[in-house]
Amino acid sequence: MKLAILSRNAKLYSTRRLVEAGQQRGHEVRILDALRCYMNITSMRPSIHYKGEDLRGFDAVIPRIGASVTFYGTAVLRQFEMMGVYPLNESVAITRSRDKLRSLQLLARKGIGLPVTGFALSPDDVQDMLKMVGGAPAVIKLLEGTQGIGVVLAETAQAAESVIEAFMGLKANILIQEFIKEAGGADIRCFVIGGKVVAR
Ligand SMILES: Nc1ncnc2c1ncn2[C@@H]1O[C@H](COP(=O)(O)OP(=O)(O)OP(=O)(O)O)[C@@H](O)[C@H]1O
Ligand SMILES: [Mg+2]
């Protein structure tokens, strides 16, 4: 098969390993910088161009799109999808995963247990919402942070209120979450295939 890896840095370990594994299995693997892909959106013959070249004939695409380039990266991936190229992760799945609120709502819909989580827009609703999630200590998160950036633990109701008001003042979207002490700062990553956790 002819595979494309959307990655900004060919030297990254994860990218190199994907190339290696693909080649070992006899595939042709090409690394493309998503930010250098530009596209022609037409209904009959959608195309992607790369440094002057018309990209054709890819069977599958492996997106490695960083959080800071989600918008452009997923637009390029969508274009591959429009061209009938199979994506390892769909653009819509990536967009969903980058928004903490949206991903929690999707998990909740499937009945997965989650910490009690609140979301509000107006500072006038902060006090009651804080009460709703069980009061302090509470965790306050930016909707679009990753790797712990924008996650704050507020020990007291007063601290929580001032952090929330500060974020709201900056027009940042945040969610407020019950603090799960038993988690002890652990971070569990689960690999789900076909609706089952296959590794963690
Ligand atoms: N409700 C909570 N109770 C206790 N600890 C929490 C809670 N939420 C987050 N944490 C701690 O903070 C860390 C970072 O939070 P979280 O994983 O939600 O954000 P992130 O790593 O920035 O984003 P993402 O995992 O979506 O990339 C978690 O790994 C966990 O250790
Ligand atoms: Mg995390």
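**Entry 1. The Arg-189 pair**

I began with Arg-189, which is exposed at a relative accessible area of 57%. The model I am reading is a predicted one. I then looked for the partner of Arg-189 and found a salt bridge to Asp-187, with 2.8 Å between the closest N and O atoms. Asp-187 is likewise listed as exposed, its relative accessible area being 57%. I also noted a network in which salt bridges with shared partners join Arg-45, Asp-54 and Arg-56.

**Entry 2. Other salt bridges**

How many salt bridges does a search of the whole structure find? I recorded seven. As background, side chains of opposite charge can pair when their charged atoms come close.

I next examined Asp-33, which forms a salt bridge with Arg-8; the closest N and O atoms are 3.3 Å apart. Asp-33 sits in the loop between β2 and β3, and Arg-8 in the loop between β1 (2-6) and α1 (13-24), so this pair ties together parts that are 25 residues apart in sequence. I checked the accessibility of both partners. Asp-33 has a relative accessible area of 13% and is therefore buried, the limit being under 20%. Arg-8, at 53%, is exposed, because its value is over 50%.

I then turned to Arg-17, whose salt bridge with Glu-20 has its closest N and O atoms 2.9 Å apart. Both residues belong to helix α1 and stand three residues apart, about one turn of the helix. I found Arg-17 partly exposed at 35% relative accessibility, and Glu-20 partly exposed at 38%.

**Entry 3. Val-29 in strand β2**

I looked up Val-29, which is found in strand β2. Is Val-29 buried or exposed? I have it as buried, with a relative accessibility of 16%. Leaving out residues up to four places away in sequence, I listed its contacts as Leu-3, Ile-5, Val-19, Gly-22 and Gln-23. I also took the C-alpha to C-alpha distance from Val-29 to Lys-2: the two are 6.1 Å apart in space and 27 residues apart in sequence.

**Entry 4. Thr-70 in helix α2**

I went on to Thr-70, which lies in helix α2, residues 70-82. Thr-70 is buried, its relative accessible area being 13%. Which residues does Thr-70 touch, not counting those up to four places away in sequence? I noted Ile-65 and Arg-98.

**Entry 5. A nonpolar patch**

I searched the surface for nonpolar patches and recorded one of about 420 Å², made by Leu-35, Tyr-38, Phe-71 and Tyr-72. Of these residues I followed up Leu-35, which lies in the loop between β2 (28-32) and β3 (37-40). Leu-35 counts as partly exposed because its relative accessibility is 31%, which falls between the 20% and 50% limits.

The contact between them takes five residues from domain 1 and four residues from domain 2.

Key. Residues numbered from 1 in each chain as written. Chains lettered and ligands numbered in written order. Predicted model: local features only at pLDDT ≥ 70, side-chain atom pairs only at ≥ 80, totals over all residues. Heavy atoms only, no water. Patch = residues over 30% accessible without salt bridge, like charges linked within 9 Å, V, L, I, M, F, W, Y side chains within 5 Å. Areas by Shrake-Rupley, 256 points an atom, 1.4 Å probe, with all protein chains shown as cover. Salt bridge = Lys/Arg side-chain N within 4 Å of Asp/Glu carboxyl O. Helix = DSSP H or I, 4+ residues; strand = E, 2+ residues; numbered from the N terminus. Buried < 20%, exposed > 50% of the residue type's maximum accessible area, 1.4 Å probe, protein only. Contact = heavy atoms within 4.5 Å.
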